[in-house]
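Subject: Structure for your review

Dear colleague,

Please find the structure below, followed by a summary of what was found in it.

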Amino acid sequence: MALLSFYGAVEGVTGSCYLLETGSTRLLLDCGLYQGGREAEAANKQAFPFDMQSLDAVVLSHAHLDHSGRLPLLVAQGYSGPIYMTSPTCDLILVLLKDAASLQQRDAEWENKHRRRAGEPEQQPLFTLEDVEQTMDCCLGAVYGKRFPVADNVDIRFLEAGHILGSAIVELYVREDGREKKLVFSGDLGNSQAALLRDPSRVSEADVVLLESTYGDREHRSMDATLEEFETIVAGASKSGGNVLIPSFAVGRTQEIIFRLGELYQKGLLRQQAVFLDSPMAIAVTEIYHRYQDVFNLEDRALIQGQHKHRSLHNLLPNLYYAVSTEDSMALNRLEKGAIIIAGSGMCNGGRIRHHFRHNLWRKEAHVVFVGYQAIGTPGRALVDGAKTFRVGGEDIAVRAQIHTVGGFSAHAGQSQLVEWLRGFTDPRPRLLLVHGEDEAKRALQQAVAREGWDADIPTLGQTIEF
Ligand SMILES: [Zn+2]
């Protein structure tokens, strides 16, 4: 008998963490950060609800921090065993965890300045760059499609999840009492309409399936309609003459937008003189995407290569420029028109996009295009909701630029795509557990799969099931 316990991404979408136990083996699946506000910060600081010293291995589905972000904490607290993931994930988490550590160190220094003055005890950052380096020593990159042992009686296999570069569906084969049981963890499943990556792999057999349900209650707009809208905005912006600012997330969305702008360029539909990628992290990630193009879908790979010897998104979009240094970025402030600037952060609560806002938001010919989800309470959301001013470095900037929201670029499968993926399983149907979703999304997906004749369970935090 094997036991599976739910320690995160149960009430919501962050903090992904599951523990698999057999008679002789203990294995952790994901070790994600809780994200969003003070409550999440407190949850991240809590002790792990299991004994980490006796873990045999950790398996990571993909690089996003809500799946990987507490790994340095695990290592800092004494875990020194292997952490398995795909090779691209290994490259990506180095960038993401280092960035997270720097932010946490900076936040802690800022907070401690006040605390010292108030005579309060100092606060430690959640983890440091040294913790990240130690974590990377434990990381082992694997290829897709190959089954290999991670413990005495457990093998795993990574399959394409199509969500971000390196993202994987994890198959776990557990042998006990002369029998083999199979647990399939969907990880985050990608949107099959998105560019670059392959569609999520179909799986046909399992005893237990853990399925994400981020968009369990929603369908995405069609990609054709989304691209048409995007093209219209970019063309309109070229006519009005202002710059186009695209706040973007470093992993996945940025590369998709570059690819889509490249498609427009190749069709002669991109009139802007230059596209600037103004984010050191997004540049580093784009270069990792370049390194692993063998996992892209064939069609997009061919398009990117074209007649060139090497495959690079620059082939598709020759007027793409990287702004690496702060000086490069500041030079862009002098551009008054004709440029597209992609900069982080995605929800505008930090990063270089804020400086571009200072120089462009007050111009009525400028355009801001949101291509990703804006959480409630973020500066990005305020702009989407029609804020009249935007505060940057103590200065209120009038919002006269045109603000657009293009909703169809999603890295997650919508409801019908999730259901379609489940249809890949043959009889006897596996036991289905819905995780990684808000309550409403999970309930809606539960009803959708019930219409297919499946009973899905929704586990609660701390619950353990046997299989
Ligand atoms: Zn993800």
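Axes are lines fitted to C-alpha atoms, for helices over the stretch in contact, and angles run from 0 to 180 degrees between N-to-C directions. This is a predicted model, in which local features need pLDDT of at least 70 and side-chain atom pairs count only at pLDDT 80 or more, while totals for chains, interfaces and linings use all residues. Residues are numbered from 1 along each chain as its sequence is written, and side-chain values use heavy atoms, with hydrogens and water left out.

Helices (H or I, at least four residues) and strands (E, at least two) are DSSP runs, numbered from the N terminus.

Two helix pairs

Helix α6 (residues 223-240) packs against helix α7 (residues 253-266) at an angle of about 70°, and their axes lie 11 Å apart. The two are therefore roughly perpendicular (65 to 115 degrees). On the α6 side, Met223, Leu227, Phe230, Glu231 and Val234 meet Glu256, Ile257, Arg260, Leu261, Glu263 and Leu264 of α7; contact means heavy atoms within 4.5 Å. By class, this contact of α6 with α7 has seven nonpolar, no polar and four charged residues. Ala, Val, Leu, Ile, Met, Phe, Trp, Tyr, Cys and Pro count as nonpolar, Asp, Glu, Lys and Arg as charged, and the others, Gly among them, as polar.

Helices α14 (residues 415-422) and α15 (residues 439-450) pack at an angle of about 45°, with 10 Å between their axes. Gln415, Leu418, Val419 and Leu422 of α14 make the contact with Ala444, Leu445, Ala448 and Val449 of α15. Its residues are seven nonpolar, one polar and no charged.

Two buried asparagines

Asn191 is found in the loop between β10 (179-185) and β11 (208-212). At 3% relative accessibility, Asn191 counts as buried (under 20% relative accessible area, 1.4 Å probe, protein chains only). Leaving aside neighbours within four places in sequence, Asn191 is in contact with residues including Gly162, His220, Ser410 and Gln417.

Asn297 lies in the loop between α8 (280-291) and α9 (298-305) and, at 18% relative accessibility, also counts as buried. A polar atom of the Asn297 side chain is 2.8 Å from the backbone nitrogen of Asp300. Beyond neighbours within four places in sequence, Asn297 is in contact with Ala195, Leu196, Leu197 and Arg198.

Yours sincerely

Terms used: Buried < 20%, exposed > 50% of the residue type's maximum accessible area, 1.4 Å probe, protein only. Polar contact = N/O pair within 3.5 Å; in protein donor to acceptor, adjacent residues only side chain to side chain. Parallel < 35°, antiparallel > 145°, perpendicular 65-115°, else oblique.
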